[in-house]
Structure formats: C-alpha cells, structure tokens
Amino acid sequence: MTLRSLSLLVSLALCTPLAAHAIEFTPQELARASTLQHRLLTLDSHLDTPANFHRDGFDITQRHDHNALSQVDYPRMVEGALDGGFWAIYTDQGDRSAQAHQHDRDAGLLRLTEIREMLAAHPDTFQLALTAADAARIKAAGKRVVYISMENASPLVDDPTLLSYYHLAGLRLLSTVHFANNEFADSATDPKGAEWKGLSPAGKALVDEAVRLGIVIDQSHAADAVFDDLIERMPVPFVLSHSSAKAIYNHPRNLDDARLKQLAKAGGVIQVNAYGGYLIDTAKSEARKAAETALMAQLGTDYDGMSIQQGVALKKGLEEIDQRIALRKATLDDFFAHFEHILNVVGPEHVGIGLDWDGGGGLADLPDVSQLPKITAWLLRKGYSEKQIAGIWGGNLLRVMQQAQDHAAKVAAAAKP
Ligand SMILES: [Zn+2]
C-alpha cells in the first residue's frame, strides 16, 4: 500500500461522530446558497476523479455514493452545483530509476487518454475547456467543465518535450512534484529533506516552458523553497490548487502567512483544501492501522486495483472499524478555520476552492460534492458579496489562467519575425 493509499483511508472514514459544536445551517440558508451557487460558475481546482475512470463498475453518469472510492459523479455534481474544475493526471512518485520514469511517462499518457475518452463518451454532459472564457460558455450550454491538470510532473522526466503534446491535448495546470522529491523539484513532504533547495535546473526549464505555453503553475505539494523560486522566476501569477494555512495547522503541505501575502502580492490564488490530514492532526493509533491493514488484506487488492463494488465493501469495513477504534476526522469547522484565516490574510480576490475530491479530501460533514452549498452558505453568513463569492468559486483562478494565456500570446507574437 502506498503512502497515498494509507492517507486516503484516513480521510475516507466518514462516520466519526461530529463534535457537539459542529456548524449547522438552516434549510433556508442552504436553499439560498444552492440557488446562488447554481447561478454562479463553480470550479474545484483539484479533482482526482480521473483515478476512478478505469475502475471496474465506475460510470460517471451514475451516482456512486455510500462508496469509499467515489465523491464526484455527474448526479452529485448537479445536486451540489459544481460546474466542473481541473481533472488531474496524477502519478504516484516512483523510485526514479530509468524504468520508473518510463512507467510514469506511460501512466501519464494513459490517464490523459482516459480523460479524453470520458469526454468523448459523454459529449452532452461534459466538455473540454481550454481557455479561461471556455468555462462560462460550457456552463451556458448546460454542460460540466473539464480542464485538464497534472499533479506531479514525473511523467515528463523521461521526455520533457512531451509537455507541448500535453498542452495540445488540453493540459492547462501543472504541478512539479508530489509526496517525494523528483528530478524537477523538492517536495514539501520528502522525509529525506531538500535535494535541490527548490527547483532543479530541469525544473526551472520545465516551469519556463510551461509559462511559454500559457500553462498555469501549481505550487501545491512542492517545498517552500520551490515557492520562493517561483516568486522570483515567474513573470505571471501562479496558484496552489489544494493547500491550506500553516498558521492553523503546522503541516509542511500548508503555506505560512508571509508566503500567503507574497502570493497575493504577485497576483496568485490559493485554493483551500479539505484533506483532513492537512487540516488537523489525524494520526492513527497502531490498533487502527492494524485494523485497516487487515481490512485491505481481506478485500484482496490494493487501492488502485479496487472495483467500484469493492469500494462499497471498503466503506462498510471502515465504518465497522470506526465503531471499535474511533478516529478524529476533520469537519467543516476545521476547514472553515483555515478558509477564514486565509481569507483574512490575502482577501477574497486571492482565494478559491480545491477540496481534493477522490484524492483523500472531504470532511465528516461534507463527504462528497453534493453538499457544496454549505460552503456558499457560510460565505453568505459571513457577509461576502455575490461578486466575491463568484471569484472564490472560480473567477479568481480563471483570472490567473487568463494572465498566463495572455502572457504566452504576447511572447509568441513578439517572437514572430
Ligand atoms: Zn494532492
């Protein structure tokens, strides 16, 4: 089982009892929020849902709730007023051998193909978005928005020139690294610590090429030294597609206030995450770990190999373990503590939503995308204007994309003889 799979299990144990003071909304507040949200363009910047596309039994047009493997599908997107977002080509970091790099190259291309196949199979419900303006046009046509992103650039180590192919195929957001250092950058969470002190020479070349193509750079998962390199190097703003606040929970995946302010000053945006292990301390007891390992053994496959039917058994198994060995699970209260802090530090023009759905995100009282109006209800309760809420739900992120694409067009025009 990978580190990622273990982390997923932390977040997928969804039935931990909520604290007595847990935030609640009236039916009137939720109805008002839902109406507003349906009208606004709503995007989540980190959907790991493509990891489900190959699973036996997964059909994005069908509802897959009560399932530990799925938090996003078309029916629940409609119910929760989520228009779409950035659908990730995620690659687990390999051992960095030549063989692993070739495997990562192929895995990335395969995931890209699966996203394109999903789009081709459902032309009436989903559509590929390529420019910042595309999202509103696709929503107006009654469809869901699919921007393509890459989480971890390891598929590009074997052949960095593949970036131009990915761009042609629709890639619009790129992160350099994941849980461990790679050839491009230092990770925020590699137990070995810094290897490059930020971006490597290859990482700098990759970022420059992405900027030239108009691809937005995503700092999530990279070490703080990479952030500092991006601030120095980037001629356009960048984003963090799914990260939270170090001042609220001191985790290396979160950003400190000084860097939050630098990000906003540079015009960037932080999309606040709902990954439990970055919001609060969700460390598990040895007994809990043993029970989860036994459950996985009983299911007889690793996380990636599970069918959607096994996801039902996994959810039931985790709920049964919750009854015996309680686990502190992050709630909306924990999420709003990060969200409010970040809003206060950088202002609503530099904040967005990236909840890590189908990648370990979600909260005890926000288990899937069907309940997203709770976030809008909170923003309304706090007095944010419709314009500010529209920015948070996607406008701010698209502003950064527009700047990246405008810059690329300008550079391309200047290069013409
Ligand atoms: Zn992630």
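## Contacts of Phe-339

Contact here means heavy atoms within 4.5 Å. The model is predicted. Phe-339 touches Val-272, Val-351, Gly-352, Ile-353, Ile-375, Trp-378, Leu-379 and Ile-392, leaving aside residues up to four places away in sequence.

## Helix pair α13 and α14

Two packed helices are described by the angle between their axes and the distance between the axes. Helix α13 spans residues 332-346 and helix α14 spans residues 373-381. Their axes come within 12 Å and cross at roughly 50 degrees. The two helices are therefore oblique to each other. The crossing of α13 past α14 is right-handed.

On the α13 side, the contact uses Leu-332, Phe-335, Phe-336, Phe-339, Glu-340 and Leu-343. On the α14 side, Lys-374, Ile-375, Trp-378 and Leu-379 take part. By class, this contact has 8 nonpolar, no polar and 2 charged residues.

## Nonpolar cores

The largest nonpolar core has 100 residues. Leu-156, Leu-174, Leu-314, Phe-335, Phe-339 and Ile-375 touch the most other members. Helix α13 gives the largest share of this core, 7 residues.

## Positive phi in two loops

Most residues other than glycine have a negative phi. His-66 has a positive phi of about 55 degrees. This residue sits in the loop between β1 (43-47) and α3 (74-79). His-66 is exposed, at a relative accessible area of 61%.

Asp-356 also has a positive phi, near 65 degrees. Its loop runs between β9 (351-353) and α14. Asp-356 is buried, with a relative accessible area of 3%.

Methods. Residues numbered from 1 in each chain as written. Predicted model: local features only at pLDDT ≥ 70, side-chain atom pairs only at ≥ 80, totals over all residues. Heavy atoms only, no water. Axes fitted to C-alpha atoms, helices over the stretch in contact; angles between N-to-C directions. Helix = DSSP H or I, 4+ residues; strand = E, 2+ residues; numbered from the N terminus. Parallel < 35°, antiparallel > 145°, perpendicular 65-115°, else oblique. Left-handed = near helix turned anticlockwise from the far one by under 90°. Nonpolar A, V, L, I, M, F, W, Y, C, P; charged D, E, K, R; others polar. Core = buried A, V, L, I, M, F, W, Y, C linked by side-chain atoms within 4.5 Å. Buried < 20%, exposed > 50% of the residue type's maximum accessible area, 1.4 Å probe, protein only.
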